[in-house]
Amino acid sequence: MDNMQAVNKFVAAYLKKKGFKDEQFLEDLQNKDSTPIDIQNDPDIAKFIQHFSRSDDDPSRYHEGYSKLRSWTYSSLDLYKHELLRVLYPVFIHSFMDLVAKGHVQEARTFFNTFREDHEMIHLRDLQKLEGVVSQSHLEEMEFARSLRQSKVNIKICQYSYDLLLQYLHKMQSTAMLGVINEHINFQVTPGQPCSISDDAEVVSLIGNCQDIANQINQKEIHCGLLEDSLEERLEKSGGLLSDSEKTEGEAKEGDVEETKKRSVESGKQGASTKKLKKDKAVNATAKAARPEPITALAAPRVKPELPLPVMPTEVEQSILEDLRTRVQLSGAALPSVSFYTFVNAHNGLNCSSISHDGSLVAGGFSDSSLKVWDMAKLGQQTATVLQNENDPSTSEHVMSPNGVKRSYTLFQGHSGPVYSASFSPLGDFILSSSADTTIRLWSTKLNANLVCYKGHNYPIWDVQFSPVGHYFASSSHDRTARIWSMDRIQPLRIMAGHLSDVDCVQWHANCNYIATGSSDKTVRLWDVQSGECVRIFIGHRSMILSLAMSPDGRYMASGDEDGMIMMWDLSSGRCITPLIGHTSCVWTLAYSCEGSLLASGSADCTVKLWDVTTSTKLPRSEEKSGNPNRLRSLKTLPTKSTPVYSLRFSRRNLLFAAGALSKNL
């Protein structure tokens, strides 16, 4: 009788734990008399009761269960090991959080420190966040930890690996591990052989619940076509591009010389750059027959702007049209000329750089709270293409340097913290800067003065970007929000909230109706600027997103992360077209060529890479389903001597500008 009462007590305790509310039933169950059970002669029942009789508060169950699961996984056959290893990380973090939730803080720290090394290579940033969880209240207050505990992780695994795991769990009867796996992991079992190791980035999605939310959001309708009555559309209707194409093929040498002279003025470069441009022009002319059709052939319908757009002056419009007519058409056979601006003697003080649309101005934001702008035309007369940042205390900020030569840069002072981002307006007459002092400042490059100080964010502002038409700009901050502003209002027009961590970068869509934001929560979101709603969530990165770029036709987006991975996305479906693998360090900047056929990427690994976009977007459906991770062809890698690449910009004539600071530590 005593044995049966013990069983009833365990059953009652279990039901109560699971939320069963009928107290009278539980009381009757504990006091109920039944036929006694001979536990000693029934080892299965004895073992079962032994498992449940162990206190739920026993912290050793987690350490022992995870240790055995880890040992079994690492000793599995190589064919299935990489699939089974995917289970360890979610089991590890949820075991840690379960221990904290039950008040075993010291045991949780020991467990965390014992096994964290296994996961630091891929999940270091997440572990750094969870490391600060030292009490039950932290689990409730930290949004990242709370979202993890409230939802499941999706893991793709083949049928045989799944059967092996179930067989192990049944054999070991580890209730702690079984409970964690059952509650927090959703297995997507696939028939056939295990997935290849190269697919690991795609088989473990972020958070199950967030994935479901993303799928719902990604069903929303978006209009990613270009703006009606744009300059490009007017030029196409007038036949300007076609006549220019014909003119290019049949042009005499005098025309080439005239063209290259114009580009030489635009870039502020010397004769060597001019010769390079002439060479690329000639290569382009011979390659036109083999060049594939531009991807704009399948462009989305034109759309109307949701924001009132500024009126463009006639002379500026004519200048842009002239640039469009003389644009070099790039392709895999006709790569762009590159003009690289190197900051020297920056003493690790350069945080960001920005280049104007025509390459005539280059700006740098520094840790000493200063913003400096170099005029390439003036600089070319003195020091060619080397940007000298004179931070030596002996050379104070006067108009004249000690040797009596006028400084080649304009100094903008006003921020009270490091400057993290700078952005030129489309016409180059204004520049924005954002800082750790939580403000954005608007400067005039004509007056060399600060015009407005915008306040609204509560924490450091990591990025700020002018819209393609000017007047409006977007910012992203440590406060986990992005904001839309206009130059004539000191308060933000829209606040985009939804990311779970810092919003590290922001980028405008070509039609100005949407902005994209990249975050430390490893997601990219697309927002409607009129409603402020999130209309797309892009999930797939394994680390924080540091750079974004929108294709000129408005259909695609590229994002770069801390691990060196670049992913190209289809905006309409919200799916990744292909990951681009090649960089070995952070991808700090991305830029599409003006016709969208090439993607340029700049990284902390001191290289600029050029990728063929056209071929990737024209693959047959059969290849799209196969999931080939190297669809985008890497056309060329351009290494620097020892200069991480901070920023890239294609001019309207398709000359590629790049900037970075020479690093002696590399």
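Buried means under 20% relative accessible area, exposed over 50% and partly exposed in between, with a 1.4 Å probe and protein chains only. By this scale Ser76 is buried, because its relative accessibility is 14%. The model is predicted, so local features need pLDDT of at least 70 and side-chain atom pairs count only at pLDDT 80 or more, while totals for chains, interfaces and linings use all residues. Residues are numbered from 1 along each chain as its sequence is written, and side-chain values use heavy atoms, with hydrogens and water left out.

The protein chain has 666 residues, of which 50% count as buried. It holds 22 helices and 30 strands. These elements are DSSP runs numbered from the N terminus: H or I of at least four residues for helices, E of at least two for strands. Contact means heavy atoms within 4.5 Å. Among contacts between residues at least 6 apart in sequence, 58% join residues at least 24 apart.

Helix α4 spans residues 60-74. Two packed helices are described by the angle between their axes and the distance between the axes. Axes are lines fitted to C-alpha atoms, for helices over the stretch in contact, and angles run from 0 to 180 degrees between N-to-C directions.

On the α4 side, the contact involves Tyr62, Tyr66, Leu69, Arg70, Thr73 and Tyr74. Leu88, Val91, Phe92, Ser95, Asp98 and Leu99 face them from α6. The contact of α4 with α6 comprises eight nonpolar, two polar and two charged residues. In this classification Ala, Val, Leu, Ile, Met, Phe, Trp, Tyr, Cys and Pro are nonpolar, Asp, Glu, Lys and Arg are charged, and the others, Gly among them, are polar.

The crossing is right-handed. A crossing is right-handed if the near helix is turned clockwise from the far one by less than a right angle, and left-handed if anticlockwise. Tyr62, His63, Tyr66, Ser67 and Arg70 of α4 meet Phe111, Thr114 and Phe115 of α7. Four nonpolar, three polar and one charged residues make up the contact of α4 with α7.

The crossing of α4 and α11 is right-handed. Gly65, Lys68, Leu69 and Trp72 of α4 meet Leu164, Leu165, Tyr168 and Met172 of α11. Six nonpolar residues, one polar and one charged form the contact of α4 with α11.

Ser76 lies in the loop between α4 and α5 (78-84). A polar atom of the Ser76 side chain is 2.9 Å from the backbone oxygen of Trp72. Beyond its neighbours within four places in sequence, Ser76 contacts Lys81 and Leu84.

Ser572 sits in the loop between β23 (566-570) and β24 (575-580). Ser572 is partly exposed, at 42% relative accessible area. Its side chain makes a polar contact with the side chain of Asp570 (2.7 Å). A polar contact is a pair of N or O atoms within 3.5 Å; within protein, one must be able to donate a hydrogen and the other to accept it, and residues adjacent in sequence count only if both atoms are side-chain atoms. Residues up to four places away aside, Ser572 touches Ile222 and Arg536. The C-alpha atoms of Ser572 and Glu221 are 8.0 Å apart, although 351 residues separate them along the chain.

Gly582 belongs to the loop between β24 and β25 (587-592). Gly582 is partly exposed, with a relative accessible area of 32%. Gly582 touches Lys609 and Trp611, not counting residues up to four places away in sequence.

Asn345 is not a glycine, yet has a positive phi of about 60°. Asn345 lies in the loop between β3 (338-344) and β4 (350-355). Thr438, in the loop between β10 (430-435) and β11 (439-444), has a positive phi near 70°.
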